[in-house]
Every structure is written in structure tokens, then in C-alpha cells.
Amino acid sequence: MLNSLYPVLLFYTISTEKDGKRDFLPPIPIYLDEDLTQISVESESESLQIATESLADIDKENGLEIVQKGISQTVILDLAAREDSPALSKILPLLKMIAVNVIGQNNYKVAYFHKDILIFDAKLLGYDKRPESGTNLIKLSITLEIKPDEEKEKTDKDSVTPLPYSSQNPYDAIGADGEELKKVTLIPAEQGGAGVDIYFPKVVQREASL
């Protein structure tokens with residue numbers, strides 16, 4: 001039933017810890033349907049931000065290179081549920097488990113799909129739970145976000161392979177796509193802080209755009 005018949009909120013790779021051992025919950029799909037689980041989607045919205053930059057291309061006469069990258073995709077869900085909704089009784093503990101994972105710097109992922117809205121590998125940007133005065137209804141707003149380029153940069157950095165350094169080859173690492181990278185360690189202003197490794201690709205000379 002993982003299709004567009006019902007809106008689906010999916011929680012996965014949520015880390016748990018018991019007796020000093022870390023494990024992961026299995027993927028947990030929650031169907032947001034009033035008849036099925038006593039919870040419904042009152043509204044859903046999606047936004048996408050893209051950055052565009054024009055660069056002068058020295059290899060092309062009077063040419064410009066248009067470079068685009070995805071900044072973020074955001075989905076906002078406004079839900080309404082009865083206090084005894086079985087879906088609500090699962091969503092709220094999972095949201096709190098995510099908060100624990102955030103504090104512990106552990107990984108988790110959330111997905112949502114319904115009709116033409118689709119977001120995978122999202123992070124929880126925030127949620128708001130409030131009772132509807134004079135009723136047995138609970139209103140719940142959930143905001144999900146993914147930053148595609150940040151995820152790609154993290155994956156590329158995690159897959160960097162060290163190379164022997166030599167004066168003939170100033171590049172001392174190779175990225176996931178075979179690109180030669182230069183590692184530079186940044187030292188925080190506070191003395192005794194740990195260095196942060198940043199990997200830079202080969203410099204491609206370009207004329208500055210006006």
C-alpha cells in the first residue's frame with residue numbers, strides 16, 4: 001500500500017540504544033487517513049530552492065556558464081487527529097526519538113509521499129502539537145527538509161581515499177568520482193581545539209563574473 005492512495009509518512013534508520021548496544025528500528029510507515037488511522041492531512045505544501053550563478057567561461061568566446069545547485073526541498077504537513085488516534089500514538093513517540101537522535105548526533109531519516117509530493121532522506125526541521133479547544137482533536141504541524149548538495153558533499157567526503165603525499169603531486173586525496181582533492185586542516189580560534197579537514201578540488205581558472 002506504499003502508493004498515492006493514502007498519504008504516507010515514513011520513519012527509517014532511527015537509532016536506538018539499550019544496555020549499551022545500538023540498533024536501528026525497522027522502517028515504520030504511517031498512513032494518514034481519517035477512516036484508516038483517525039488522522040488526516042488538512043494541508044500539505046512543498047517548496048524547492050535553487051541557486052543560480054553565471055560564470056564567465058574562458059574557453060568560450062563571450063560565453064557564460066550557468067551553474068545551478070539545489071539548496072533545499074521543504075515539505076510542511078498540517079495534520080488533525082483524534083486524541084485516541086493509533087497513528088498519532090505512533091508519530092509522537094517517533095518525533096521524540098528523533099529529538100534524542102539529534103541530541104546524540106545520530107542519524108535518522110523521514111520520507112513523505114502523496115500524489116505529486118515526494119521527499120526522501122529528509123530531516124525534521126520542527127514540529128508543533130496543540131489541542132483543539134473544546135474538542136477531542138489534536139493539531140500537529142510537521143516540517144521536513146532536505147539539502148541535496150549538503151548530502152552529496154557529505155557522501156563525497158566520507159568516500160575520500162588518502163594518497164601518499166609528494167612534492168610532485170600536491171593533491172593528496174581522491175574523491176568518490178576520481179577527482180583529485182587537496183586536504184587543508186582548519187584550526188579553530190580556541191587553542192587546543194580539534195582541526196577540521198576540508199577537501200578542495202583542483203582549481204579551474206575562470207574569469208570573475210561582473
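Mentor: Before we start, one term: a residue is buried when its relative accessible area is under 20%, exposed when that value is over 50%, and partly exposed in between. Keep in mind too that this is a predicted model.

Trainee: Got it. So are Tyr6 and Tyr31 buried or exposed?

Mentor: Tyr6 and Tyr31 are both buried.

Trainee: How many aromatic pairs are there?

Mentor: The count is 2 aromatic pairs. One of them is Tyr6 with Tyr31, an edge-to-face arrangement with 6.4 Å between ring centres and 70 degrees between the planes.

Trainee: Let's switch to the inside. How many residues does the largest nonpolar core have?

Mentor: The largest nonpolar core has 29 residues, and Leu9, Phe11, Ile91, Tyr112, Ile142 and Leu144 have the most contacts inside it. Two or more residues come from each of β1 (8-12), β6 (63-82), α2 (86-103), β7 (109-114), β8 (117-131) and β9 (137-146). The largest share, 7 residues, is given by α2.

Trainee: Which residues does Leu9 touch?

Mentor: Leaving out residues up to four places away in sequence, Leu9 touches Ile28, Pro29, Ile30, Leu32, Leu77, Ile91, Val110, Ala111, Tyr112, Ile142 and Leu144.

Trainee: You mentioned β9. How many of its residues are buried?

Mentor: β9 is mostly covered, with 9 of its 10 residues buried.

Trainee: How do β8 and β9 run, parallel or antiparallel?

Mentor: They run antiparallel, and 8 bridges join them. For example, Asp128 has Ser141 in β9 as its bridge partner. The two strands form a hairpin with 5 residues between them, and Gly134 in that turn has a positive phi of about 75 degrees.

Trainee: Which residues other than glycine have a positive phi?

Mentor: Gln105 has one, with phi at about 60 degrees. Gln105 is in the loop between α2 and β7. Asp121 also has a positive phi, near 55 degrees, and Asp121 is found in strand β8.

Trainee: Why does Gln105 count as exposed?

Mentor: Gln105 counts as exposed because its relative accessibility is 73%, and the cut-off for exposed is over 50%. Asp121 is at 32%, so Asp121 counts as partly exposed.

Trainee: Now the charges. How many salt bridges are there?

Mentor: The count comes to 5 salt bridges. One of these is between the side chains of Glu42 and Lys139, at 3.5 Å from N to O. This pair links distant parts of the chain, with Glu42 in strand β5 (residues 39-57) and Lys139 in strand β9, 97 residues apart.

Trainee: Is that lysine, Lys139, buried or exposed?

Mentor: Lys139 is buried, because its relative accessible area is 14%.

Trainee: What does Lys109 form a salt bridge with?

Mentor: Lys109 forms a salt bridge with Asp121, and their closest N and O atoms are 3.9 Å apart. Here too distant parts of the chain are linked: Lys109 is in strand β7 and Asp121 in strand β8, 12 residues apart. Lys109 has 23% relative accessibility, so Lys109 counts as partly exposed.

Trainee: And which residue meets Arg130 in a salt bridge?

Mentor: Asp128 does, with 2.8 Å from N to O. Arg130 is partly exposed, with a relative accessible area of 36%, and Asp128 is partly exposed at 38%. Elsewhere, salt bridges that share partners join Glu42, Glu132 and Lys139 into one network.

Trainee: Last one: where is Thr74, and what does Thr74 touch?

Mentor: Thr74 is in strand β6. Thr74 counts as buried because its relative accessibility is 12%. Not counting residues up to four places away in sequence, Thr74 touches Ser45, Glu46, Ser47, Thr143, Leu144 and Glu145.

Conventions: Residues are numbered from 1 along each chain as its sequence is written. This is a predicted model: local features need pLDDT of at least 70, side-chain atom pairs count only at pLDDT 80 or more; totals for chains, interfaces and linings use all residues. Side-chain values use heavy atoms; hydrogens and water are left out. A nonpolar core is a set of buried Ala, Val, Leu, Ile, Met, Phe, Trp, Tyr and Cys residues joined through side-chain atoms within 4.5 Å. Buried means under 20% relative accessible area, exposed over 50%, partly exposed in between (1.4 Å probe, protein chains only). Helices (H or I, at least four residues) and strands (E, at least two) are DSSP runs, numbered from the N terminus. Contact means heavy atoms within 4.5 Å. Two strands pair if DSSP finds at least two bridges between them. A salt bridge is a side-chain nitrogen of Lys or Arg within 4 Å of a carboxyl oxygen of Asp or Glu. Rings of Phe, Tyr and Trp (its six-membered ring) pair if their centres lie within 6.5 Å; planes under 30 degrees apart count as stacked, over 60 as edge-to-face and the rest as tilted.
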